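Visitor: I have a model open and want to go through some local features. Can we take them one at a time?

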Amino acid sequence: MNISIFGLGYVGCVSLGCLAKNGHNVIGVDINDLKAELINKGKPTIIEKDIDVIIKEEFDKGKISATTCAQEAVLNTSVSIICVGTPSSPQGHLNLNYIYKTAEQIGEALKEKDDFHVVVVRSTVMPGTNKKLGEIIEKFSEKKRNVDFSVVSNPEFLREGSAVKDYYHPAVTVIGGDNDKALGIVASLYQDLPAPIEKTDIEVAEIIKYVNNSFHALKISFANEVGNICKSLNIDSHKVMDIFCKDTHLNISPAYFKPGFAYGGSCLPKDLKGMVTLAHDHYLSTPVLGAVHDSNETQKRLAFELIQRTGKRKIALMGLSFKEGTDDLRYSPSVDMAEKLIGKGFQLTIFDSNVHISKLVGANKLFIEEHLPHLSDLITDDPSKAINEADVILLNHKNFNPDPFLEELSQKESLIDLVRIPKLETMPNYIGLCW
């Protein structure tokens with residue numbers, strides 16, 4: 001395939017070499033004459049392990065060239081990959097001037113071209129950029145998106161120092177688009193790589209790089225705070241984190257990575273608070289750990305605001321324990337929610353198949369007596385009764401089976417889902433907490 005790459009910086013140079021090594025003919029495009037000259041001498045524009053050898057070999061084979069002329073590149077290729085920089089402003093906003101200018105240049109070139117052209121966005125951009133680029137290309141080309149051209153989002157996940165290795169051994173390749181033909185063309189560029197290809201919504205592909213890197217930053221900060229605490233206690237922090245990383249069931253895994261309601265229970269709140277207190281006792285600042293509780297409280301507040309906005313006062317809470325399949329009410333965010341609803345004058349009915357007043361004992365019983373002393377007046381063992389008496393249904397357990405109640409649920413003012421029950425999402429009265 002003939003491919004043009006706009007921007008010969010880090011991502012562009014690596015993509016240029018690796019795509020050529022995979023058998024494609026690649027033209028690099030850059031406004032900087034020096035970068036184009038380097039490529040046309042078989043030299044890379046960056047310092048990166050293995051890329052110098054790849055660029056030299058593929059240049060010698062005649063598979064790599066570079067130009068400063070966008071029109072020349074577009075007219076001689078069927079795919080254009082945008083890898084130009086999107087620098088950040090002091091306020092955190094992206095400067096998209098370079099990417100918009102590239103879209104204008106591609107659009108101008110497409111005026112002279114009859115063949116269907118695929119534009120691929122590899123640059124890191126905010127959601128909505130793909131749509132904007134399509135509008136710019138339409139304006140300057142006087143052609144129509146998904147008829148004459150398409151714009152596909154294909155974020156890169158390359159690390160400096162191991163970019164070539166990362167290119168050939170990705171965890172996943174993400175492609176977002178609204179045209180099957182274009183998605184197929186872009187997917188074919190990666191078909192020989194040992195990783196799944198995820199075709200998804202454009203906006204999902206646009207935001208995933210930000211999610212990834214924010215989490216990586218969080219991991220580094222978390223590990224550093226743990227290290228600071230361990231050092232103050234004369235504990236080897238690397239030994240601690242080595243063992244931490246061996247748990248691939250919970251710690252390094254998909255566990256807990258589904259957006260939903262707040263955490264609770266007898267362990268997480270207590271142990272987090274203990275860790276923050278330990279740091280405080282040793283005069284250490286742990287802003288990441290310290291902010292976790294506040295973030296959790298924000299999630300509770302957001303759920304309460306969804307209920308408030310309905311304007312209704314009769315609420316059915318389906319699930320009270322902190323986790324379905326248990327009767328543990330200690331530090332359950334649902335208990336907090338129930339307590340707040342009652343305090344604000346809402347009429348509340350609760351159903352939880354595992355919570356029976358007569359069977360509550362020990363700390364569990366003491367906790368609920370302190371926070372919901374009139375639970376026996378609120379709870380019912382009949383889910384139909386809870387649903388029928390309410391205007392708003394608050395769904396809090398994933399194991400709630402809605403099938404017997406679909407007709408009743410459809411007639412309610414609102415179904416507010418804190419756990420995501422897919423079967424109910426098509427109902428017009430459905431509201432997801434954070435989806």
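Visitor: Is Tyr167 buried or exposed?
Guide: This is a predicted model. In it, Tyr167 counts as buried, at 4% relative accessibility.

Visitor: How many aromatic pairs does the structure hold?
Guide: There are seven aromatic pairs in the structure. One of them joins Tyr167 and Tyr190, with 6.4 Å from centre to centre and 50° between the planes, a tilted arrangement.

Visitor: Where do Tyr167 and Tyr190 sit in the chain?
Guide: Tyr167 is in helix H7 (residues 163–168), while Tyr190 is in the loop between helix H8 (180–188) and strand S8 (197–200). The two are 23 residues apart, and their pair links distant parts of the chain.

Visitor: And Tyr190, buried or exposed?
Guide: Tyr190 counts as buried, at 5% relative accessibility.

Visitor: Which residues do ring pairs link into a cluster with Tyr190?
Guide: Tyr167 and Tyr168 are joined with Tyr190 into a cluster by ring pairs.

Visitor: What about Tyr331 and Phe367, why is that pair tilted?
Guide: Their planes are at 50°, so the pair is tilted, and the ring centres are 5.1 Å apart. Tyr331 lies in the loop between strand S9 (314–318) and helix H13 (333–343), and Phe367 lies in helix H14 (residues 362–371), 36 residues apart.

Visitor: Switching to helix packing. At what angle do H9 and H10 cross?
Guide: The axes of helix H9 (residues 202–232) and helix H10 (residues 237–246) cross at roughly 135° and come within 9 Å. That angle makes H9 oblique to H10. The crossing is right-handed.

Visitor: Which residues make the contact?
Guide: H9 contributes Phe222, Ala223, Val226, Gly227 and Cys230, and H10 contributes Ser237, Val240, Met241 and Phe244. By class, the contact of H9 with H10 has seven nonpolar residues, two polar and no charged.

Visitor: What is in the loop between H9 and H10?
Guide: Asn234 is found there. Its phi is near 60°, a positive value in a residue other than glycine. Asn234 counts as exposed, at 74% relative accessibility.

Visitor: Where is Asn146, then?
Guide: Asn146 is in the loop between H6 and strand S6 (149–153). Asn146 is not a glycine, yet has a positive phi of about 65°. At 27% relative accessibility, Asn146 counts as partly exposed.

Visitor: Back to helix pairs. How do H11 and H12 cross?
Guide: Helix H11 (residues 268–281) and helix H12 (residues 287–310) have axes that come within 9 Å and cross at roughly 145°. This crossing is left-handed.

Visitor: Which residues touch in that one?
Guide: Leu272, Met275 and Val276 of H11 meet Leu289, Gly290, Val292 and His293 of H12. The contact of H11 with H12 divides into five nonpolar, two polar and no charged residues.

Visitor: Last one. Where does Thr129 lie?
Guide: Thr129 is in helix H6 (residues 129–141) and counts as buried, at 4% relative accessibility.

Visitor: What does Thr129 touch, not counting residues up to four places away in sequence?
Guide: With residues up to four places away in sequence not counted, Thr129 touches Leu96 and Glu206.

Terms used
Residues are numbered from 1 along each chain as its sequence is written. This is a predicted model: local features need pLDDT of at least 70, side-chain atom pairs count only at pLDDT 80 or more; totals for chains, interfaces and linings use all residues. Side-chain values use heavy atoms; hydrogens and water are left out. Axes are lines fitted to C-alpha atoms, for helices over the stretch in contact, and angles run from 0 to 180 degrees between N-to-C directions. Helices (H or I, at least four residues) and strands (E, at least two) are DSSP runs, numbered from the N terminus. Angles under 35 degrees count as roughly parallel, over 145 as roughly antiparallel, 65 to 115 as roughly perpendicular and the rest as oblique. A crossing is left-handed if the near helix is turned anticlockwise from the far one by less than a right angle, and right-handed if clockwise. Contact means heavy atoms within 4.5 Å. Ala, Val, Leu, Ile, Met, Phe, Trp, Tyr, Cys and Pro count as nonpolar, Asp, Glu, Lys and Arg as charged, and the others, Gly among them, as polar. Rings of Phe, Tyr and Trp (its six-membered ring) pair if their centres lie within 6.5 Å; planes under 30 degrees apart count as stacked, over 60 as edge-to-face and the rest as tilted. Buried means under 20% relative accessible area, exposed over 50%, partly exposed in between (1.4 Å probe, protein chains only).
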